[in-house]
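I'll jot down each thing as I look it up.

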Amino acid sequence: MMRPYRPKDNVQKKAYYTDRFWIAPRIPEEDVSQDKVYAADIEKIKAKFDIKKAYIQRGQLVVIIDPVINKELLFFLRDELGYDMLMELSAIDYLAQDGEFEVFYQLLSLSKRKRLRVKCRIKEDEAIESVNPVFRSADWSEREMYDMFGIKVNNHPYFKRILMPDDWVGYPLRKTYPLHGDEAAQWYEIDKIFGKEYREIVGPEIRDAAWIDKTDTEQFARYGHEVPKGAPYDSEPVKIDSFNEDAPLVETFDLKKSKIVDRDR
Amino acid sequence: MAQHQVNYAASGGLPVALTTVDKIVNWGRSNSLWALTYGLACCAIEMMASGASRYDFDRFGVIFRASPRQADVMIVAGTLTKKHAEFIRRLYDQMAEPKWVISMGSCANTGGMFNTYATVQGVDRVIPVDLYLPGCAPRPETLQYAVMLLQKKIRKQSIFQKQKPKRLV
Ligand code: SF4
């Protein structure tokens, strides 16, 4: 699928965010019987497990399950059906929409050259079973999932944050987390290094990239016209009354006047 | 009358040079600025390039050291994350006086393009900075110029300075 073509001339003049609330078109869900390999696989899965839904999307099989059977199903997929690599594992925040997280496992079968995605939904306060015994690569992914979304994972061998510091407050990849950080995040380094009482001394972060202190003539030039460095903000600007208009901008090179060293070179 | 009359005052009279303590100490300090190897992000590539043979930092006396105990100047080259902030303060406190800090690149100066929850908005929130070096990333020439400006600054300083307050995390 290609993105629709839009004319690009004068694109700078247009408002940047005209498309802000654009909703991506749904990718069609095809029936599993379209693909022989997938159809055979889903037969075997259905014989053993209770799955909620299965369909093919963009040539990949998507299986939606109940979160409690995730480990058993992945064991089965790995050992019986040959999906022997866990490519990716993470979650999507649907808390605002449905009050749930969607956890997904993206698998690859090297022998069949097929990909399969297992999805399940859990509530905010629910924990999910670790798939670390099935795929070792799940170790760090599950820690990252906890770090970024706050999803607890049961029976993980070393369950702690992976990217953010251990004493971090909040889960940054949740949709409700502000981009510039909550209060704990904004003062994190000050609180940790100097202590809370230093907040007043250091002051808040300057997050506005265009911020200029108009009255500070030490570090910024005054808008419109220059005052000498360090002069009071409301003092008179420096006036340049006259300059020599006849003075040449570039002096022409004069062979006779100039001394040339090492002429032979 | 001595056969070889020596004019002591003229240059080349005798190998004697007159100077002040400030001048000779600062001459030594400014010309052997050992830098702490402190690459944090992409700016570190430019810092490494400055250290390598084409730009050759050694001729300024800037030799990169792997230990803060042996370093005089900390070149903060790159993005300082909040997780790392305590370590930069610790390394800074471990450097022996006198010490200087060059903040290299937009990220170290102001947080740069990383206007996010995880980036410290300027290293000067955590450690005192002597020289801010603009650019993303600054070219090696810029870093060389910054070091030369720092040398200029050091030559103007008195050798008796107040110790900067320490605070170990
Ligand atoms: S200032 Fe630019 S080059 Fe330097 S660390 Fe930041 S993003 Fe990288």
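I began with Asn155(A), which is exposed, with a relative accessible area of 60%. This is a predicted model, so I keep that in mind throughout. I found Asn155(A) in the loop between β7 (152–154) and α5 (183–186) of chain A. Its phi is near 60°, a positive value, and Asn155(A) is not a glycine.

Next I looked up Arg58(A), another non-glycine residue with a positive phi, here about 50°. Arg58(A) sits in the loop between β1 (51–57) and β2 (60–65) of chain A. Is Arg58(A) buried or exposed? It counts as exposed, because its relative accessibility is 56% and the cut-off is over 50%.

Then I went to Asp139(A), in helix α4 (residues 138–149) of chain A. Asp139(A) counts as buried because its relative accessibility is 12%. Setting aside neighbours within four places in sequence, I see Asp139(A) in contact with Asn132(A), His156(A) and Pro157(A).

On to chain B. I noted five helices and five strands there, running α-β-α-β-β-α-β-α-β-α from the N terminus. Of the 169 residues of chain B, 41% count as buried. I also looked at contacts in chain B with a separation of 6 or more: 78% of them come from residues 24 or more positions apart.

I checked peptide bonds next. Most peptide bonds are trans. The one from Glu97(B) to Pro98(B) is cis, with omega near -5°, and Pro98(B) lies in the loop between α3 (85–94) and β4 (100–104) of chain B. Cys136(B) and Ala137(B) are also joined by a cis bond, with omega about -15°. Ala137(B) is in the loop between β5 (131–133) and α5 of chain B.

That pair came up again at the ligand. Which residues are closest to the ligand? Of the 13 residues surrounding it, they are Cys42(B), Cys43(B), Cys107(B), Cys136(B) and Ala137(B). Helix α4 (residues 105–110) of chain B gives the most to this shell, with three residues. By class, I get eight nonpolar, five polar and no charged residues in the shell.

Last, a helix pair: α1 (residues 21–31) and α5 (residues 140–156) of chain B pack at about 160°, axes 8 Å apart. That angle makes α1(B) roughly antiparallel to α5(B). The crossing is right-handed. Asn26(B), Arg29(B), Ser30(B) and Asn31(B) in α1(B) meet Gln151(B), Ile154(B) and Arg155(B) in α5(B). I class that contact as one nonpolar, four polar and two charged residues.

Note on methods
Residues numbered from 1 in each chain as written. Chains lettered and ligands numbered in written order. Predicted model: local features only at pLDDT ≥ 70, side-chain atom pairs only at ≥ 80, totals over all residues. Heavy atoms only, no water. Axes fitted to C-alpha atoms, helices over the stretch in contact; angles between N-to-C directions. Helix = DSSP H or I, 4+ residues; strand = E, 2+ residues; numbered from the N terminus. Parallel < 35°, antiparallel > 145°, perpendicular 65-115°, else oblique. Left-handed = near helix turned anticlockwise from the far one by under 90°. Contact = heavy atoms within 4.5 Å. Nonpolar A, V, L, I, M, F, W, Y, C, P; charged D, E, K, R; others polar. Near = heavy atom within 4 Å. Buried < 20%, exposed > 50% of the residue type's maximum accessible area, 1.4 Å probe, protein only.
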